[in-house]
Each structure stands twice: as C-alpha cells, then as structure tokens.
Amino acid sequence: MNGFLVLLRKELNGYFLSPVAYATSTFFLAVMGVIFHLLASILAEGVPGVGVMNLLFNSPFYWMTMLVVIPLLTMRLFAEERRMGTLEHLLTAPVTDRAVVAAKFGGVFIFYLLMWMPTLLFLLGLHLYSADRVPLDPGAVAAGYLGVLLSGGFFLAWGLLCSLTTANQIIAAIICFAGMILCFMAGFLDVISYHPVAVTFSELFAPHRNLAEFSRGIVDSRPVVAYVSGTVLLLFASTRMLEARQWK
Amino acid sequence: MITVNHLTKHFPGRVAVDNISFEVGHREVVGFLGPNGSGKTTTLRILCGYLAASAGTAKVAGFDVQRFPMEVRRRIGYLPEQCPLYPDMRVDEYLHFRAALKGVPARRRRGRVDEVKELCGLAENGRRIIGQLSKGYRQRVGLAEALVHEPDLLILDEPTIGLDPNQIRQVRQLIQQLGERHTILLSTHILPEVEAICRRVIIIKDGRIVASDSTDQLIRHMKGEARIVFEVQGPRDRIEAELGTWPDIHRMEIETLGEWHRFRLACPRSADPRARLFSQAAASGWSVRELHLEPGSLEELFVSLTAPASSGGAP
C-alpha cells in the first residue's frame, strides 16, 4: 500500500512536469471549448428537444478528441521506463507488480479526471448566465460524467496495456489508437449488417451509443458492468504481462 | 548473505546460467567476473527478483528470492548496469522518492538522504536536475540510491563503466569504504578494480563458474608459466648461452640497458630457478641488481580461464 501511494504521487508529479501532458490537456480543452461554443449557439437559437449533456458528450468532436488524448496520455507509462532502463530498477524495489500497475493507472486516471474538471465550469456558466435558465438536469449531468469516467477508465487501461508491449512510445500510441478505432468501428457493425448478432454486438459495445445514453441520464447497468469489468481485465492482463518478464 | 544452489536460467534457445552454486558471507566483498554475455547480469537480476530462475534456488539473508521477493528486495541495494535514473527529477527529489518506495519511514528520510549524499559526494548537488549531471555524478546518484535504505547487501553491476579515470578512482574508493559496512557483490570486467577492492572472486564463463576463491589463492594456483625478471651485468652472450641450456627455462627475452641486461625468463610455475640463478651469477662473477618472480595478475588468470578455446589462450 505504501509503495502504491509513493508511486502514485510520483506519477502525478510526472504529469504536472511533462510538456506532453500540458499540450494534451490544452488541446482537449480547446476542442471542448469549441463544442461548448457550438452548444451555446444551438441553445441560443432555441432548437427544441435538445439536451445539453447530449450535445456535450455525443458529438463526433468529442470522440475524435478522445482518440488523440488517450494514446497521448498513456503512451509513456511503461514505454518510457523501459526505454530509459528504469523499469528494471523500479521492479527490483520492494513494491509488487500489482502496485506498480495500479499506481500507473491511478496516476493517469486522476490526471484524466482533472483534465475534465474545467468542463464543469462550462455547465456552471450556462446555468448562471443563460437568460431563460437552460434546463440542466442534475441526473443527466451526473450520468454523463459517470459515462466519461467509465469509458475513460476502460480506454486508459487499454492504453496502459499497449504501453507495456514496447519501449517505443510512438508505437504504443499507434497500437492504442488502432485498438480504439477498432472498438468504435465495432459499434457501427449494424450499419453494414442487419444480422441480429451484429446488431446486439454494436448496441452493447458501441462507446458512442453508451455515452449518448448516459448523457440523457439513463444509467444502464450493462455498459457499467462491461466498462468496469473490461477495465479490471485489462489491468489484470497488464500485471500478468509485467510479471511475464520473469519467465522470458 | 547469499546462497545460490544449482541455479539455472534458460532463455529461448540458450542457457544463460547453467547450474551454478556459490555463497557470499556476511560483509564479504566479492568480485563477480566474466566476459560479456557470460551470465553475470542474469544472475544478478535473479538475485534481485527481476527474473525468475528456471531451476535451482537463490537465497538472500535466508529468504528465498522467489518465495519472499519483498523481504529480499528490502535487503538489497541494486545498481543496475548503465545506472538508469529519471532525467527530469532533481537529485533530492529522486532520492526522497526512492527512499519512500523502499520503506524508509518519513521521519528518517531526510536524514538518510543527507547521509548518503554526503557519503557519495553529492552534498552540494541536491537541487540539480539529474539529466544535467555528468556521467560520474549520475553514477554517484545511483550509488546513493542503492544505499538509501541501509541495505545489508549491495549488488553493483559494472559501477565504473563509462567513467573517466578520476571518477573510476573515486567510485572505487567509495566502494572500498562501503565494504567495511556492507556485503558487496561487484560485477565487472575491469580487473584492476577487482584486485583493488575484492578479497574474493567468482569467475563465470558461458553460465558456469570456472573459479571461485580468494584473489591471491587463484593467482598462486594459476596454471601456465611464471615469469622471472633477472637483471645482471656480465657478458651477454655467455649468460644467454648458459641459461639457454637450462631445461626449466622455456623462453627468454633480453633487453640491454647500458651495461646491464634484463632477462625475462619464462619457466613452469612448479619450477622456481631463482636460487640457482643467483648461485650461477655468483659463481660466474656476474653482478645481480634484480631478481624476482612476477606475481601474475588477475588479468592473466581471467584470460586463461575465459578466453575462447579457439584463440589458444587457455593452457
């Protein structure tokens, strides 16, 4: 436990010292700002039947941003340590492999959440300054952010696993990106096939659809379970991969 | 402190460590030698718990490295080859981080970090960024890190590689100093280093131990030829002719320095013709100003034990 906390702190410090992290979060907030601007103009025109959270989270801009942000945040986790040779040093310190994986994941996940924090100000601004009080459903806000948290955790865990496979950060980022693209494409299976299996598959595994649901305030237990168990599985696989060095 | 029993490590397609056994006692300073690729680093990595053995056991302070990896790691200070560090951290920050990771209690951390900085000559460099330090200073940071949790055992993998002669000297002195308080396993192929620091050496070749004894003993029992230096004043041709008839002397090299002739004689290690040389010189009226047996160096021993068979280096 002690080792985990020490490593977690070091990871977080690392993010606040890393130019890549600042560039990534600036890019992220810029895109979110544009989305918010579009959202504000749509609301200003008074288009009926549009939910604020749905506009924020169910835009293609949002997903394209995630496809860039997640690989950029996770690529360095293990690849950098491996390239510098510090991984061996880290793994011969009195800290378990599990704690190392948990701390790396914890660090990037907390940074990801902090990156999202300023977007709450958008909503606050909307709430305070719109003339005729835009209907902000607290349930939809909470569910929307829950979706961000769950899907983010899952993809960050995927990025962490990718980072373990190589000493080259660029390759780690490319593998992560490719995997995420595949996951999104699986979500559009029902566009090319009406086969019931394809339809069910894309309904269950489409991240964009899941988030659309969440942003309407609907918390379906299936995607919650899928994301949580997927995250745990990926982290477990990462721990195993780290342990596998011993037997190579 | 270290007990290794029939340790074996296979990598796909090759055996890196082949059934080795050795022991290192409390506060011993042992040199772990071998050519590149002989299995040194693999053995050290198994001891530190980075790799798992394919067969056999290794114990550190009585704890099996496989079954009690945390107990073992707490007792080891490990400086890997190339001394990997985080280049964007400051020296103090790095040492505090590693001290915390290694379980040094918060209230003692500052004191410990200051102590190891002092010991490794880093007292003035705490605020410097590691990436901007010279190789010698980085090596010191690595050593300070290895020491920060007061480990019983220090495992140093080629600690002086890439340093300039002054830095090598400083690091060597530091290791010598540390040998008074810690058990040290020092892997290197810089032999004068081992001769200077270690009381005992283990020589490994192709994953097997080919020699393990005190440095002096090993050299004394070295196979092959001994060299005698015999500096004498007299008629060179007669001396050469006389010594040429001695069956003990296989070869001689002669160097003339003014009136003196310096003979370097190669003879079997079992024969020691020094007494006879002196009597001969006295009987023939030659003046002698030097007569000694060259002790042989660890380097010769190392080459004789580890040179590939094809080069004919092994006697």
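**Where the chains meet**

Reply: Happy to! In this predicted model, 31 residues of chain B are in contact with 24 residues of chain A.

Me: What's the area buried between chain B and chain A?

Reply: About 2500 Å², and carbon and sulfur atoms give 61% of that area.

Me: Okay, and how many salt bridges are there between chain B and chain A?

Reply: The count is one. Glu88(A) pairs with Arg45(B), and their closest N and O atoms are 2.8 Å apart.

Me: Which elements of chain B give two or more residues to the side that touches chain A?

Reply: Those are strand S1 (2-11), helix H2 (69-75) and helix H3 (91-101) of chain B. H3(B) gives the most, with six residues.

Me: And by class, what does that side of chain B have?

Reply: The side of chain B that touches chain A has 19 nonpolar, four polar and eight charged residues.

Me: Back to H3(B). Why is it largely enclosed by the rest of the structure?

Reply: Because eight of its eleven residues are buried. Among them are Tyr94(B), Phe97(B) and Arg98(B).

Me: What do the buried residues of H3(B) pack against?

Reply: Parts of both chains: helix H1 (2-17) and helix H6 (86-91) of chain A, plus helix H4 (106-119) and helix H5 (135-147) of chain B.

Me: Last one: which residue just after H3(B) takes a positive phi?

Reply: That's Gly103(B), with a phi of about 85 degrees.

Methods: Residues numbered from 1 in each chain as written. Chains lettered and ligands numbered in written order. Predicted model: local features only at pLDDT ≥ 70, side-chain atom pairs only at ≥ 80, totals over all residues. Heavy atoms only, no water. Contact = heavy atoms within 4.5 Å. Buried area = accessible area lost by both parts, 1.4 Å probe. Salt bridge = Lys/Arg side-chain N within 4 Å of Asp/Glu carboxyl O. Helix = DSSP H or I, 4+ residues; strand = E, 2+ residues; numbered from the N terminus. Nonpolar A, V, L, I, M, F, W, Y, C, P; charged D, E, K, R; others polar. Buried < 20%, exposed > 50% of the residue type's maximum accessible area, 1.4 Å probe, protein only.
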